[in-house]
Amino acid sequence: MPDRPPHRVFTTERGSFCLARCDCGWTGMARRARSQARTDAERHLAAAGGGPEPATGRPVE
């Protein structure tokens with residue numbers, strides 16, 4: 001199986017919304033609750049095959 005780029009997720013805020021994002025280019029829905037954005041990120045990691053933990057320095061908050 002070819003090496004796939006790691007999936008490192010993080011959250012970012014835009015105004016009163018929080019989005020989960022991944023280094024692979026995936027972006028979750030804009031959420032008002034940070035906890036929902038974190039859940040979106042966790043689901044993305046699970047769907048991607050359980051990639052590595054969130055990147056250091058850019059944690060899923």
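R34 is partly exposed, with a relative accessible area of 43%. In this predicted model, the side chain of R34 meets that of E13 in a salt bridge, with 2.8 Å from N to O. This pair links distant parts of the chain.

A search of the whole structure finds three salt bridges. Another of them joins R8 and D23, whose closest N and O atoms are 2.8 Å apart. R8 sits in the segment before β1 (9-14). D23 sits in the loop between β2 (17-22) and α1 (34-47). The pair therefore ties together parts that are 15 residues apart in sequence. Both partners fall in the intermediate accessibility class. R8 is partly exposed, with a relative accessible area of 38%. D23 is partly exposed as well, at 33%.

D40 and R31 also form a salt bridge. Here the closest N and O atoms are 2.9 Å apart. D40 has 8% relative accessibility. Buried means under 20%, so D40 counts as buried.

Side chains of opposite charge can pair when their charged atoms come close. The N to O distance is 2.8 Å for R34 and E13, 2.8 Å for R8 and D23, and 2.9 Å for D40 and R31. Each of these distances lies within the 4 Å cut-off for a salt bridge.

Notes: Residues are numbered from 1 along each chain as its sequence is written. This is a predicted model: local features need pLDDT of at least 70, side-chain atom pairs count only at pLDDT 80 or more; totals for chains, interfaces and linings use all residues. Side-chain values use heavy atoms; hydrogens and water are left out. Helices (H or I, at least four residues) and strands (E, at least two) are DSSP runs, numbered from the N terminus. Buried means under 20% relative accessible area, exposed over 50%, partly exposed in between (1.4 Å probe, protein chains only).
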